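Please look through the sequence and the fold shown here before reading on.

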Amino acid sequence: MSYYQFFAASLAIVLAVGWVVLVLRYRWWGMAVVSALTLWLPAFGFALYAIAPGQPPADAVVLFLVALLYLAVIVAVVMRFTVGRKRGPKPLIYASANETRRFRRGVAGRALLVLWLSSLVFLAEPGIAIANLVLNAGWMALWIPRRWRTRQVENSVLVSVPPERAFRFVTDLKNWPLYRDDLEVVEVTPDGPLALGSEYVARSVIPPAFQTSSHRQIETRNRVIAMVPGSSYTVTWSDEPGWVSRTDFVPVDSGTRITNQRTMEVSFPQASLGMTLNLPRALAVARVADERRNARLKEVLEQAR
């Protein structure tokens with residue numbers, strides 16, 4: 001076996017093991033699929049060359065690409081332990097604004113990795129390298145249309161109180177702790193009940209199934225973008241304008257039907273990194289939380305009559 005074959009075989013094993021580690025570490029469909037798109041074809045190309053080698057690639061090109069990888073690893077390690085390192089205990093609260101920036105960096109990093117692996121595979125198996133580029137470009141293009149990365153969910157509860165009273169109670173954030181144990185309101189501007197243009201900062205508990213770091217809460221900045229007093233109000237995330245929540249208070253014979261409809265438009269960077277594939281699992285957890293919150297809201301409102 002030539003040293004080129006040995007090098008190719010080693011890379012194939014490293015990429016295969018890397019995929020398994022990522023899947024076992026995160027246990028998310030999105031991570032499994034995106035890492036497979038990134039690593040499987042290059043691993044196959046390297047394994048194919050190790051088994052049935054063709055013309056040996058030029059030493060200078062291989063040396064350049066390998067040196068480029070080592071340089072990238074060194075820069076990443078330095079940034080991790082200098083710029084990205086913070087002293088003291090690990091933070092428990094994660095700002096959604098950081099999430100947006102993190103996914104943008106993730107897209108750039110993945111694109112560079114795909115280009116690097118494809119360039120190295122091209123030296124041994126050009127057809128597989130081109131297929132890898134086409135496959136990953138197609139995956140990115142898939143998420144450009146917004147309809148593929150937009151979901152809507154709805155939940156409702158029937159309470160035996162008038163719509164005006166239910167509206168006043170729900171839009172007063174001081175009442176939220178009475179029926180919401182998953183959320184903490186940190187700041188409201190201006191102070192008082194919600195009105196058109198109100199902004200508030202809230203911290204939501206990250207369900208244990210989604211905790212992959214030291215963070216236990218995610219902090220979001222929210223703004224009221226529409227309101228019909230006594231009837232409905234609409235809130236959007238300031239950091240993710242595509243995430244919109246509308247709550248309607250509809251009069252019925254027995255009182256009020258409170259309906260909440262959430263429109264979730266996953267950003268392009270998040271979708272291209274597989275987050276849309278994680279939505280079914282996230283929505284299943286959200287439905288359970290919605291049912292628990294609505295049951296508690298109904299109990300609190302009707303007891304206070």
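Val-188 touches Leu-173, Glu-199 and Tyr-200, with residues up to four places away in sequence left out of the count, and contact here means heavy atoms within 4.5 Å. Val-188 belongs to strand β3, residues 183–189, where helices (H or I, at least four residues) and strands (E, at least two) are DSSP runs numbered from the N terminus. Between Val-188 and Leu-173 there are 15 residues of sequence separation and a C-alpha to C-alpha distance of 8.4 Å.

The model is a predicted one, in which local features need pLDDT of at least 70 and side-chain atom pairs count only at pLDDT 80 or more, while totals for chains, interfaces and linings use all residues. Residues are numbered from 1 along each chain as its sequence is written, and side-chain values use heavy atoms, with hydrogens and water left out.

In strand β5, residues 217–228, lies Thr-220, which counts as buried because its relative accessibility is 4%; buried means under 20% relative accessible area, exposed over 50% and partly exposed in between, with a 1.4 Å probe and protein chains only. The side chain of Thr-220 makes a polar contact, at 3.2 Å, with the side chain of Asn-222 (a pair of N or O atoms within 3.5 Å, of which, within protein, one must be able to donate a hydrogen and the other to accept it, and residues adjacent in sequence count only if both atoms are side-chain atoms).

The largest nonpolar core has 22 residues, and Trp-176, Tyr-233, Ile-258 and Leu-301 touch the most other members; such a core is a set of buried Ala, Val, Leu, Ile, Met, Phe, Trp, Tyr and Cys residues joined through side-chain atoms within 4.5 Å. Two or more residues each come from β2 (150–159), α6, α7 (176–179), β4 (199–205), β6 (232–237) and α9, and α6 gives the largest share, 4 residues. Leu-301 touches Val-159, Val-161, Arg-165, Ala-166, Phe-169 and Ile-258, again not counting residues up to four places away in sequence. Apart from this core lies another, of 16 residues, including Leu-15, Trp-116, Val-121 and Ile-128.

Turning to the whole protein chain, its secondary structure comes to 9 helices and 8 strands, and 37% of its 305 residues count as buried. Among contacts between residues at least 6 apart in sequence, 63% join residues at least 24 apart.
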